Amino acid sequence: MKIFLNKTAVAVVLLALCPLKAFCQECPGSWEFGLGGSLMNLTRTSVTDFHQTAGGDYLFTLEEKLLYGGVDLYAARELREWLYADLQGTFGLARYYESENLVQGWSAMAGPGLQFRPFTKSEWIQPYLRFGISWYRKTFPNSYFGQFRGDVTKEAVWKAEDAWNKGFTFDADSFFPVSFGVGVVGWMSNRFGLRLQGEFLKPLGNKGANFAQASAGVIFRLGGSDKRRKAAPAEVVKEVVREVVKEVPVEVVREVVKEVPVERTIAEMMDNVNFDFDKATITDDSQSVLDEIADAINRFPDARFLVAGYTDSKGSDAYNDQLSEARAKAVRDALIERGVPAHRLVSRGFGKRVAIVSSSASDEARRGDRKVVIERVASELLWNYLIK
């Protein structure tokens, strides 16, 4: 029976460690690594100094230790937004009596598990349920009944119980416990957080004791989506337009407040950003306009923008691609110099791909196709494509 249970436990471990390809085809791929401490509630009962007094009474010393501590290691992989596979390990130190002497023992436990995080809309606080299986090994005794040492009759026995174990519990130095637990991850930033977890562990078979474990520690995150990104409605700025309505015999002045998308105001300002002829050098009279554009962008710290360069239809494709790319990059560099974070800007040159006016038209007519525009990128997929 023991061999069958051990084989079953090994099979479950291998299944939990498999890559789960069916679940991980499109997973975001974040990793979590943690270090912390654990507290195990595993009762260790010891009965020592059993002797008979001169009056015929029997005396002994009963000591019960409930808790011992250890170091906790943690790693997890995101399979789905609501599903994580983890690997957890604990190394603990526990004292026990051996031949009337208090000595030091240790325990080690490691195993995989699955976490279910149902609140997928919660970016910063993530509670979860966990199911796992582990291998547990210890070097200290964990008996719940036994004979009194020194009992000349060899008939008296002692018996102990705790909240997790009712009836006789057989000791074992190693066994496979399954665990059921709850936990929560609280992120303090996009990469660092805290983890709390409590679980109940029950051994497979009739060897080993039930026990509980609580752990806490820091956690570090790699990859995955940016938790700082928030879907938000289109930002707007307020433009005050003064309208004068003349009536006889008085003049009435009223203010009309209109909401203007930030993209429109930046687009209007970009109309006044110019370059030297046939170059990517921004003219001196455009510098103050770039100051205003940088201020407008910095009012919306969560937004990201594409700086796109275009040319008219005159000239070769290669030449126009190079010129439009250089001009777009010049504007991006100028905005970064003015305090706009570089990770919020990307530049691209599109040459004459979208030029409307024919190359045979006048220079004045083709002027509208020669431009650098700044567009807000709201799509995460598009942004990831642009920054490749």
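**Entry 1. Contacts and overall make-up**

I began with contacts in the protein chain, where contact means heavy atoms within 4.5 Å. Among contacts between residues at least 6 apart in sequence, I found that 66% join residues at least 24 apart. I note that this is a predicted model, in which local features need pLDDT of at least 70, side-chain atom pairs count only at pLDDT 80 or more, and totals for chains, interfaces and linings use all residues. Residues are numbered from 1 along each chain as its sequence is written, and side-chain values use heavy atoms, with hydrogens and water left out.

I then looked up the secondary structure, which comes to 6 helices and 17 strands. Helices (H or I, at least four residues) and strands (E, at least two) are DSSP runs, numbered from the N terminus. Of the 388 residues of the chain, 37% count as buried. Buried means under 20% relative accessible area, exposed over 50%, and partly exposed in between, with a 1.4 Å probe and protein chains only.

**Entry 2. The nonpolar cores**

I recorded a nonpolar core as a set of buried Ala, Val, Leu, Ile, Met, Phe, Trp, Tyr and Cys residues joined through side-chain atoms within 4.5 Å. The largest one has 25 residues, and I266, I293, V331, L335 and I374 have the most contacts inside it. Helices α2, α3 (287-298) and α4, with strands β15 (305-310) and β17, each supply at least two residues of this core. The most comes from α3, with 6 residues. In soluble globular proteins, nonpolar side chains tend to be buried together.

I checked the length of α4. The expected span of a helix is 1.5 Å times one less than its number of residues. For the 21 residues of α4 this gives 30 Å, and the end C-alpha atoms are 30 Å apart, which agrees. The buried residues of α4 include N320, L323, S324, R327, A328 and V331. An α-helix has 3.6 residues a turn, so residues three or four places apart point the same way.

Just after α4, I found that G339 takes a positive phi of about 100°. D278 also has a positive phi, of about 65°, although it is not a glycine. Most residues other than glycine have a negative phi. D278 lies in the loop between α2 and α3, and counts as partly exposed because its relative accessibility is 41%.

**Entry 3. The largest pocket**

Grid points are joined across faces, edges and corners, and a volume is the space filled by probe spheres set on the points.

The largest pocket has a volume of about 680 Å³. Of its 24 lining residues, D312, R327, R367, R370 and K371 are the closest to the centre. Helix α4 (317-337) gives the most to this lining, with 4 residues. By class, the lining has 10 nonpolar, 4 polar and 10 charged residues. Here Ala, Val, Leu, Ile, Met, Phe, Trp, Tyr, Cys and Pro count as nonpolar, Asp, Glu, Lys and Arg as charged, and the others, Gly among them, as polar.

**Entry 4. The cavities**

I found 2 cavities of 30 Å³ or more. The largest cavity holds about 80 Å³ of space, and its lining includes D72, T90, M109, R130 and Q213. Strand β3 gives the most to this lining, with 3 residues. The lining divides into 2 nonpolar, 7 polar and 3 charged residues.

The second largest cavity holds about 30 Å³. M40, T90, M109 and Q213 are among the residues that line this second cavity. Its lining divides into 6 nonpolar, 3 polar and no charged residues.

**Entry 5. Residue S215**

Lastly, I looked up S215, which is found in strand β12. S215 counts as buried because its relative accessibility is 6%. The C-alpha atoms of S215 and M40 are separated by 8.7 Å, with the two residues 175 apart along the chain.

Conventions: 1 Å grid on protein atoms, 1.4 Å probe; cavity = no way out; pocket = protein on both sides within 12 Å on 5 of 7 lines; lining within 4 Å.
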